[in-house]
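This report concerns selected side chains in one protein chain and their surroundings. Please read it alongside the sequence and structure shown here.

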Amino acid sequence: MQTPTNVSTNAAVTMNRIEFNNSTDSYAVSGLGSVNLASTTDPSPVTPTMSVTGTHKFQATVNLLSDTTINVASGSQLVFDGAFDLGGNTLTKTGGGTVAINNKLTTGTGGGVDIQQGTVSGDGTIGGDVTNSGGTTAPGNSPGTLTVDGNYNQGSGGTLAIQIGGIQPGVEHDVLNVLGDASLAGTLDVSL
């Protein structure tokens, strides 16, 4: 595809790898169906992955059927505006770019988000535990509120980026709303 494109699905589609590799044109995946990421059925299963260059968006529901890694290149962004269900699996974020959660990300029993590199942002809710071992958590979309409906654990290599421009929570300054326990180490990066 060589122009900005909307891909629509009205059925459940299951795949092992998704690659967005266009840094000049944006793609949106929408529709009443769902995109399901699963391991291959080979004797040595291959874990599902997403690779992102450019700015792209999921408006359709995304379901993880296995642990999945999303690698977003520096300067790139992948936005989840639709429902996102980890199904008890772990979503690992790598690469220097950004994943924005603007809706409800449901983790399921035992599932969670592991931020190893880059940024996780958005005005949505992550319905489970988040571990930030080496990336950046940046609530909101300049500014806004990111809710973690579980525990938030930020290691010594993690960063919490907060924008402050006034006193109104979520409107004039960022909010990381952790409903479980929060353990904070690493860096607090405040920008005015």
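## Buried and surface side chains

Leu-86 is located in the loop that runs between β11 (84-85) and β12 (90-94). In this predicted model, Leu-86 counts as buried because its relative accessibility is 0%, and the cut-off for buried is under 20%. Leaving aside residues up to four places away in sequence, Leu-86 touches Leu-64, Leu-91, Leu-105, Thr-106, Thr-107, Gly-112 and Val-113.

Aromatic rings are considered next. The whole structure contains 3 aromatic pairs. One of them joins Phe-58 and Phe-80: the ring centres are 5.4 Å apart and the planes stand at 5°, so the pair is stacked. Because Phe-58 belongs to strand β7 and Phe-80 to strand β10, the pair ties together parts that are 22 residues apart in sequence. Both of these residues are buried. Together with Phe-20 and Phe-84, Phe-58 and Phe-80 form one aromatic cluster.

| Residue | Strand | Strand residues |
|---|---|---|
| Phe-58 | β7 | residues 55-58 |
| Phe-80 | β10 | residues 77-80 |
| Val-190 | β25 | residues 187-191 |

On the surface, Ile-164, Leu-188, Val-190 and Leu-192 form a nonpolar patch, and their accessible area together is about 440 Å².

Definitions and conventions. Residues numbered from 1 in each chain as written. Predicted model: local features only at pLDDT ≥ 70, side-chain atom pairs only at ≥ 80, totals over all residues. Heavy atoms only, no water. Patch = residues over 30% accessible without salt bridge, like charges linked within 9 Å, V, L, I, M, F, W, Y side chains within 5 Å. Areas by Shrake-Rupley, 256 points an atom, 1.4 Å probe, with all protein chains shown as cover. Salt bridge = Lys/Arg side-chain N within 4 Å of Asp/Glu carboxyl O. Helix = DSSP H or I, 4+ residues; strand = E, 2+ residues; numbered from the N terminus. Phe/Tyr/Trp six-rings, centres within 6.5 Å; stacked < 30°, edge-to-face > 60°. Buried < 20%, exposed > 50% of the residue type's maximum accessible area, 1.4 Å probe, protein only. Contact = heavy atoms within 4.5 Å.
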